[in-house]
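Hello,

Here is the structure I promised to pass on to you.

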Amino acid sequence: MKICFTASECFPYVKTGGLGDVAGSLPKSLAGEDCEVRIFLPLYKGIKTLEHGIGSFDEIQNVPVRIGGKNVMFSVWSAILPGSEIKVYFIDCPDYFHREMPYTNDIDEDERFILFQIAVIETLQRLKWSPDIIHCNDWQTSLIPVYLKTIYKWDKLFENTKTLLSIHNIAYQGRFSRDSIYNSGLSYSEYYPGGPFELNGSFCFLKAGIIFSDLISTVSPAYSKEIQTAEFGCGLEGVLQTRSDDIYGVLNGIDDNIWNPGKDKMIPYNYTLKNIDNKLLCKKELLKEAELNFDENIPSIGIISRFAVQKGFELFYPIAEQLMKLNFQLLVLGSGENRTEDFFKGLKQSFPEKVNAYIGYNNKLAHMITAGCDIFLMPSKYEPCGLNQMYSLIYGTVPVVRKTGGLADTVADFHEYNEKGNGFSFEDFTPEVLLESIERALHIFKDSQTWKKIMKRGMKKDFTWKQSAKIYLDLYKKCRDKN
Ligand code: ADP
Ligand code: GLC
């Protein structure tokens, strides 16, 4: 089967969160399932073309596209995704993509991704490549299903092409002013209150994609149900309910060549279930690097995250004082909202012997914290899937999470009478319950026999893409066979 995989980020070229990990790994597993996959990405300024062997694709250069009243040109670059034979096509349009970050709040944010999506379709035409499925991810690619059924309907190349839209986070919807319809080239006739393009007075890319795509998926079974409720649907629950028979939840997998304590090149010592003691050496190195004292009896707690409302860090603020009386060390890596950055900077300043916080993005440190900590914290308000808790589980770093979305699907709460727990989870989104859960974990940590059992249950989990790639393949087939 021929799959065109389109996304706004893809590891190792560009990554701001889990979507980058998914786009860089799922296609490899699909290729192992007999799919011919090609990936399409914007060529952002931050992508290091030389380092990644990305070269100009001479056949497709200076293609004119009309965005609103403007004439814009794009060209194509290409590379092979490391560790595979998958071709990656990069859409180059410096006016739009040479900005500081992949995503912006700039006034032409809509135009940037309109150009990207039109360019993907125009590139397929020039390649004369007719995919069975275009797999779209999030709002940045969710107009492609609309284009195929409207502006590009005439093209026989896409006669048998179907679309799957994966929603990684329903809170990001690509909502713009009504004028954006003009930029998109689509028809105003679909823009009316409650219509396919309209959401609360805005032109909503994601809503349009939900309506026009052949099938829809989300990144965990729990989240696929949650988003159909008012609590989690962010205003799109109604439209999702109308497509409820077409929505599937497929848990993300992980790339076990990159996230694997047995062969991870970014950690100082590798370990598996057989030489689990090496994990302690990773802890030692991590603490040395973080300038904290090493004591194997003091549990180290890790946080690696985008600092966004979604991640639930506001729960810490009221309990900080009580929390800091407990016996642990905290290693934080993240960036985003000022209030959370300031909170962790403040903790580091007030408790330099207990806390270190690196505000920024650092891939190597993410691997070191995942390997070197005893406990991983993820108190998310909502979590479509979450990769960090899965990385933690297989690195023997016991997660403490809120029971929501993918966290509920992957972390089994420890209870002294069950033999299944691989972490600690709590339901109520309150500071008190978070504190209790941390206390519970710190208490059990003292019982090293039980702790080891919990760690080992996590390490034995198979979160590789094998299973989920098969489910995607089935979805693609369902999509292909749809009328
Ligand atoms: P989300 O996509 O919502 O941010 P996920 O848990 O799915 O959450 O994925 C986050 C990914 O981004 C993980 O691979 C994590 O290690 C990485 N990450 C998040 N913040 C940082 C950071 N500051 N430095 C390095 N990696 C980070
Ligand atoms: C989003 C979600 C996260 C998920 C990731 C990859 O960023 O917030 O939960 O793991 O996408 O699907």
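**What I found around the ligands and in the chain**

A polar atom in the side chain of Gln310 sits 2.9 Å from an oxygen atom of ligand 2. Please keep in mind as you read on that this is a predicted model.

Let me stay with ligand 2 for a moment. Asn252 also has a polar side-chain atom by an oxygen atom of this ligand, at 2.8 Å, and for Asn169 the corresponding distance to an oxygen atom of ligand 2 is 3.5 Å. How much of ligand 2 does the protein bury? On its own the ligand exposes 310 Å², and 92% of that is buried by the protein. The shell around ligand 2 has 14 residues, and those that come nearest are His168, Asn252, Gln310, Glu383 and Gly386. By type, the shell divides into 6 nonpolar, 6 polar and 2 charged residues. Helix α1 provides the largest share, with 3 residues. Both domain 1 (2–253 + 466–480) and domain 2 (278–461) contribute at least three residues each to the shell around ligand 2.

Now for ligand 1, which has 21 residues around it; Gly18, Asp21, Arg306, Lys311 and Gly360 come nearest.

- Asp21: an N or O atom of its side chain is 2.6 Å from an oxygen atom of ligand 1.
- Arg306: a polar side-chain atom is 2.7 Å from an oxygen atom of ligand 1.
- Gly360: here a polar backbone atom is 2.8 Å from a nitrogen atom of ligand 1.

Two or more residues of the shell around ligand 1 come from each of α1, β14 (300–307), β15 (329–336) and α13 (388–394). Among these elements, β14 gives the most, with 3 residues. The shell of ligand 1 is made up of 7 nonpolar, 9 polar and 5 charged residues.

Next, the start of the chain. Strand β1 is largely enclosed by the rest of the structure, because 4 of its 5 residues are buried. β1 runs parallel to β2, and 5 bridges join the two strands. One bridge you can look up pairs Cys4 with Arg38 in β2.

Finally, a few backbone details. Phe11 and Pro12 are joined by a cis peptide bond, with omega at about 10 degrees. Pro12 belongs to the loop between β1 (2–6) and α1 (18–31). Asp34, in the loop between α1 and β2 (36–42), has a positive phi near 70 degrees although it is not a glycine. Is Asp34 buried or exposed? Asp34 has 68% relative accessibility and therefore counts as exposed, the cut-off being over 50%. Cys234 is another non-glycine residue with a positive phi, about 50 degrees in this case. Cys234 lies in the loop between α7 (221–226) and α8 (237–242), and at 34% relative accessibility Cys234 counts as partly exposed.

Best wishes

Technical notes
Residues numbered from 1 in each chain as written. Chains lettered and ligands numbered in written order. Predicted model: local features only at pLDDT ≥ 70, side-chain atom pairs only at ≥ 80, totals over all residues. Heavy atoms only, no water. Buried < 20%, exposed > 50% of the residue type's maximum accessible area, 1.4 Å probe, protein only. Near = heavy atom within 4 Å. Polar contact = N/O pair within 3.5 Å; in protein donor to acceptor, adjacent residues only side chain to side chain. Areas by Shrake-Rupley, 256 points an atom, 1.4 Å probe, with all protein chains shown as cover. Nonpolar A, V, L, I, M, F, W, Y, C, P; charged D, E, K, R; others polar. Domains from an automatic or database assignment. Pairing = 2+ DSSP bridges.
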